Amino acid sequence: MTGLAHRLEGRRPEAPGRSQRTDAQANTALGAILGAVGMAVAAALVIAAVGATGGIRAVTIVAPAAPANGGAAAATATEAKPAALAAAKTTTVKAIGASAAAVPAPITRTAPATVTVDFQTKEVVAEVAPGETYTYWTFNGTVPGPMVRVRVGDTVKLKVANATGSVFPHSIDLHAVNGPGGGATATQTPPGKETTVSFKALNPGLYVYHCATGPIPQHIANGMYGLILVEPEGGFAKVDREFMVVQGELYTNAPRGTTGHHEYDHKKLLDERPDYVVLNGSVGAITGNDAMKATVGETVRIFFGVGGFLPSSLHLIGEIFDKVYPEAGGVANTNVQTTFVPAGGATIVEFKLDVPGTYALVDHSLGRALDKGAAAHLVVTGAEDHTIYGGAATGAGH
Ligand SMILES: [Cu+2]
């Protein structure tokens with residue numbers, strides 16, 4: 001995918017009700033992509049409440065070109081006209097996306113322990129893109145919720161407190177649990193109430209957690225998912241950087257790019273036609289100031305999960321995963337270009353950085369990345385090595 005140019009640009013102002021046709025045309029070019037602005041997000045760890053701060057973030061399509069054939073335009077001309085949206089709501093959190101750097105530190109203890117994890121479920125209003133608001137349902141006010149890190153053999157005592165201001169009950173199903181509903185049967189929690197559940201982490205690996213209150217697909221689509229890592233005995237090999245990225249979708253009553261307040265659209269969810277496919281909650285959440293950052297020569301590990309319903313073909317443009325734990329299981333593969341991550345699944349990828357530049361982590365079902373938001377940036381600084389890469393490392397927009 002080295003032919004894809006990355007460009008960092010501010011978001012182009014768009015008229016309300018912009019049709020999808022522009023996206024389709026831009027898509028055929030596969031040329032200039034992925035711009036972003038962003039700001040910091042407060043980290044969110046286990047055993048702690050999470051607060052998010054931040055600002056506007058976006059990925060925009062630039063330089064739309066005429067389609068190579070008229071097919072794409074003709075097909076999209078039949079798309080239903082986007083709904084006129086109500087005005088954007090006042091946001092109750094500045095940025096919904098959890099920081100990719102919000103990974104708890106590796107566990108150094110050599111014996112199991114009892115670990116306390118507190119979740120607060122909160123319904124908040126935030127921007128999915130500038131001028132486009134959505135009512136997210138969250139664990140601790142961010143999407144994804146805080147990453148939990150425990151060790152195999154640990155006993156986890158987990159509390160779910162549903163905020164007083166919530167409208168709906170919520171709960172948690174952790175795929176790391178051996179027990180009914182993954183904890184969901186014990187944690188159905190009305191607004192203003194608390195529930196608890198405990199479990200022993202028997203199986204090492206990286207697991208998705210999500211709300212499991214009906215209608216479950218809606219609770220998940222609205223942002224109620226995250227990752228729990230159960231470290232194996234002895235932990236993982238040491239790396240220089242660890243990041244957390246979780247993919248999800250938003251199904252709304254107007255296409256991405258339509259300003260105003262977007263409402264959940266159940267039919268689109270059933271049809272699996274999301275308007276947004278996002279990495280960490282909103283378009284461009286892991287770009288600009290909030291991009292992942294590393295230095296040439298460093299080793300990087302990304303904990304990646306799919307909280308939503310579309311499987312992800314995870315690819316880092318311009319790099320190769322030296323090691324992948326497929327489906328986050330116990331056996332590693334090596335030298336992988338793209339790894340497949342199922343809905344409700346996860347993976348762990350590791351790689352060493354050889355050349356500086358801006359690298360895009362994408363779902364290689366590229367319409368999701370280029371048009372719908374599923375792209376994150378890794379900014380690598382350091383010395384060039386022209387024996388490894390002889391092209392421009394800081395080309396247009398980098
Ligand atoms: Cu819920």
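Start by selecting Val-362: with 25 C-beta neighbours inside 10 Å, this residue counts as buried, because the cut-off for that label is 20 or more. Keep in mind as you click around that this is a predicted model.

Now widen the selection to residues 357-363, and you have strand E21, where Val-362 sits.

Next stop: the strand E13, residues 276-279. Its partner to select is E11, joined to E13 by four bridges in an antiparallel run. For a landmark on this pairing, show Leu-250, which stands opposite Tyr-276 of E13.

Stay on E11 and colour residues 241-250. Nine of these 10 residues are buried, so the strand is largely enclosed by the rest of the structure. Now bring in strand E15 (residues 299-306), which runs parallel to E11 and is joined to it by seven bridges. Here the pair to pick out is Phe-243 and, opposite it in E15, Ile-302.

Last, hop over to an open sheet of four strands, ordered E5-E10-E9-E7, with mixed pairing. Which strands lie at its edges? Select 148-151 for E5 and 173-174 for E7; each of them pairs on one side only. For E7, the partner is E9 (residues 205-210), in the antiparallel sense over two bridges. Finish by showing Leu-174 with Tyr-209, which stands opposite it in E9.

Key: Residues are numbered from 1 along each chain as its sequence is written. This is a predicted model: local features need pLDDT of at least 70, side-chain atom pairs count only at pLDDT 80 or more; totals for chains, interfaces and linings use all residues. Two strands pair if DSSP finds at least two bridges between them. A residue is buried if 20 or more other C-beta atoms lie within 10 Å of its own, exposed if 12 or fewer, and partly exposed in between; C-beta atoms are placed from the backbone.
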